[in-house]
Amino acid sequence: MNVAAAKVLMSDHASLQGLLEGVDLRASYFELFGIEAGYDVDLNAIQGRYLDLQRVVHPDRFAGMGERGQRMAVQCAAFVNEAYDTLRSPLKRALYLLEYSGHPVDIETNTVMDAGFLMEQMSLREDLGDVRESSDSEAAVAEVVERAEALMSNMQQGFVSAWQEQTEGGYKKAADFARKMHFVEKLISEAEQLEEELLDD
Amino acid sequence: MLLQISEPGQSPDPHQRKLAVGIDLGTTNSLVATVRSGSAETLPDAGGEHILPSVVHYGAECTMTGVEARRLAAEDPLNTIISVKRFMGRGVDDIRALGDVLPYRFTRADQGMPFIETVQGEKSPVQVSAEILKSLRRRAEESLGGDLLGAVITVPAYFDDAQRQATKDAARLAGLEVLRLLNEPTAAAVAYGLDQQGEGIIAVYDLGGGTFDISILRLHRGVFEVLATGGDTALGGDDFDQVVAGWILEQAGMEMSALTPEQQRKLLDSACAAKESLTDADSTEVSFEGWVGTIGRETFDALVDPLIDRTLKSVKKSLRDAKLKAADVQEVVMVGGSTRVPRVRERVAELIGKQPMTGIDPDRVVAVGAALQADVLAGNKPADDLLLLDVIPLSLGLETMGGLMEKVIHRNTTIPVARAQEFTTFKDGQTAMAIHVLQGEREVIDVNRSLARFVLNGIPPMPAGMARIRVTFQVDADGLLSVSATEQSTGVAASIEIKPSYGLSEGQITDMLQSSYTHAQEDREARKLLEARVEAERIFEALESALRKDGDILLSKEEQVHLAGEARRLAEATKSTDSAFVVKVTEEVAKASEVFAARRMNEGIRAALSGQAVEYFEPDNSQNDRPEE
């Protein structure tokens, strides 16, 4: 008996839907939020929808409705939160859109990247590793974050134009960009964690 | 269980008003509040006192709480438990790490949760807290003249899962139905926001007796959305007393270790008195065991500055998490008695660049906010007026290979939330798997808090790597975690054994509940029957009203007839004097109406979708123009 050896995949849409025990919430996050399936999302608009939805499903609307009522509301509200979280995040939205359109991305196992991207990644990672030795650590880490965010924004643009091709080749390219976004996002979150640790010290 | 869609602006009949209270279960002081004739007020005891000191005295003859108990603190420190909130959901090692002078004798350290040795035997922090809650419950029931439907109990936003669970267990021991655990800063924001019709970004700085919390919220038309929260569950006014006590000893040339528990208590009392007089005076006299001296504001400020620094660091971190700058904050609300210290107000104003709001009594604001939410949750007020969207304060994750923590749910994620993770087996034919659940921010597990260890049993034997075990973390609106697991390829639900790292087991709670019943057997039966009937009536009313409103639209003729029959059957069962029978029929009818409830939920969502959500992003600040549902 040992701590779980390998992780297969992260949380996904299907698993949460499975939790909803007979409540058939709208089939997709896009429908739930009443928007067209696509990468461009009006963040102000979905915020309004989000509050409307929470007013209906939040467990506080089921107080005193017993354990069963609470359970159902918790699951529905969690589903709405997950949908909102996905639609707001550039990376999660990209992955979800690909899955929704029948081109799921296998983030964990498919790790082949082009050489140019790998070089850029490595250089960023090296700089991140050197941050603590830098004379001004806080400025050094902020610079890494800035560069990674610029890279992220490039990847997003790449994703959008590949997606717009609406061809099998285009979807494949879009999936590649999404995988790259995943790596950059991971790097950004590590850099932010380090930034925080520097503040704490 | 039926979705209650209340019409906006339409309150239930006055005779149906349910008694619900808000309880601020504080480290130093506790309060209970309720909404009466439209406004929230704290309830006084028979002697007119609103504040109940969070002190419990276990005497040979009886148990006392509040002022009476506190009077005995110096005389009988071993049996008088002060600031027990600091021990909730904590292990003995954590308590030692608080670094305080504690006169208590802790026993059974091996069990994770410490027990305190008293003349009435060993008492867990949960039991001590339950005494405080019982006392507040009695006060509320006497002054409101009836049994309480339930209570909203506040906890520091930064409380972890173990501390929240311990608080909920204490309520259970006190016989209180918890309508919701509410974060203290969110409660304060509710009291403030509803009072001032606030809009925009608010920071709530809450420095209590033993805990510090900071929350950054966005207020928009009755929705209180917590953007980030942070703090320190072991930092508060008590620490101010400790540093002043340290200074007194230094001046007097004495050693803490040489003092008796009685002297230690007296020392802390004089330190606290000095702190309080320095709120208005520039200097004050202190005396201890023959030594007499003077402490000035400047000396005091220098002593507490390092503690205030720690709070300001949390404020900056939370602003960062919310992706905001100090200048974005419209108002700072000050909560907790320790915000009376002038140096605290000065330093907060300096950081945010605004004078903090101190208009509402910082001691009462949390209880008032909790009472306002309790009123909504009890169904006395249309729920549309108020919606609280809170977050989890600390990340939740699992131990992976190499003693590292993998985060499954990140801090400041809006709750409720559910996330799943899949695992596979490591060896051929493996049928069990150990999972270690952690809470905290660092990568290395040692610095994070161990919440529980789970063993998943009943995995069907198969070759290594073939099993697909999906572990689902779910955090409810109280911020409490539950975990479930299924093997995906076979659909077998793996059973879970939970061993909370710092808490009471279900068995311990049941034992405590049983031994605490002083009622005679009949009393217990009568209470059970009463509770069963209340629940049955609630389901009956909900079903009837749902059938009236939506029966024609959402149900076939056949379904309507069937559910109407079920409702009648329930009404009939309610007349029975057999509580088990009433519970059984209630369960059956609730189950039969589940499909209807699900359809109503979807209908609610459909209505929300077709409502003109457009008005949310128009610059329109009027309050009462939300579309009718």
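A residue is called buried if 20 or more other C-beta atoms lie within 10 Å of its own, exposed if 12 or fewer do, and partly exposed in between, with C-beta atoms placed from the backbone. By this criterion, 47% of the 629 residues of chain B are buried. The structure is a predicted model, in which local features need pLDDT of at least 70 and side-chain atom pairs count only at pLDDT 80 or more, while totals for chains, interfaces and linings use all residues. Residues are numbered from 1 along each chain as its sequence is written, and chains are lettered from A and ligands numbered from 1 in the order in which they are written.

Two residues are in contact if their C-beta atoms, placed from the backbone, lie within 7 Å. Of the contacts in chain B with a separation of 6 or more, 69% involve residues 24 or more positions apart. Chain B is divided into domain 1 (237-302), domain 2 (396-512) and domain 3 (521-610), with bounds that come from an automatic or database domain assignment. The centres of domain 1 and domain 2 of chain B, taken over C-alpha atoms, are separated by 47 Å.

Strands of a sheet pair through backbone hydrogen bonds, either parallel or antiparallel. Here two strands are taken to pair if DSSP finds at least two bridges between them. Five strands of chain B form an open sheet with mixed pairing, in the order β18-β13-β14-β15-β19. Strands β18 (331-335) and β19 (387-389) of chain B are at the edges and have a single partner strand each, so one side of each is left without a neighbour in the sheet. From one strand to the next, the twist averages 25 degrees. Within this sheet, β13 (residues 200-207) and β14 (residues 212-220) of chain B run antiparallel and are joined by eight bridges; B:Ile202 has B:Leu217 in β14(B) as its bridge partner.

Helix α8 (residues 297-321) of chain B packs on the sheet and touches β13, β14 and β15 (223-232) of chain B, its direction making about 140 degrees with that of β15(B). Such angles run from 0 to 180 degrees between N-to-C directions, and axes are lines fitted to C-alpha atoms, for helices over the stretch in contact. Helix α6 (residues 237-252) of chain B also packs against α8(B), at an angle of about 145 degrees and with the axes 10 Å apart. The contact involves B:Asp239, B:Phe240, B:Val243, B:Val244 and B:Trp247 of α6(B), together with B:Leu303, B:Val304 and B:Leu307 of α8(B). Seven of the residues in this contact are nonpolar, none is polar and one is charged. In this classification Ala, Val, Leu, Ile, Met, Phe, Trp, Tyr, Cys and Pro count as nonpolar, Asp, Glu, Lys and Arg as charged, and the others, Gly among them, as polar.

Strand β5 (residues 55-58) of chain B has two antiparallel pairings. With β7 (residues 80-82) of chain B, β5(B) pairs over three bridges, and B:Val55 has B:Ile82 as its bridge partner. With β6 (residues 63-65) of chain B, β5(B) likewise pairs over three bridges, and B:His57 stands opposite B:Met64. Four residues lie between β5(B) and β6(B), which form a hairpin. In a regular strand the side chains alternate between the two faces of the sheet. In β5(B), B:Val55 and B:His57 point one way and B:Val56 and B:Tyr58 the other, and all are buried.

A second hairpin is formed by β25(B) and β26(B), with five residues between them, and B:Gly479 in its turn has a positive phi of about 85 degrees. Seven bridges join β25 (residues 469-475) to β26 (residues 481-487) of chain B in the antiparallel sense, with B:Val471 and B:Ala485 as bridge partners.

Two loop residues other than glycine also have positive phi. B:Ser37, with phi near 35 degrees, lies in the loop between β2 (29-36) and β3 (39-42) of chain B and counts as exposed, with 5 C-beta neighbours inside 10 Å. B:Glu289, with phi of about 45 degrees, lies in the loop between β16 (283-288) and β17 (291-296) of chain B and counts as partly exposed, with 13 such neighbours. A cis peptide bond, with omega of about 0 degrees, joins B:Ile415 and B:Pro416; B:Pro416 is in the loop between β21 (404-409) and β22 (417-424) of chain B.
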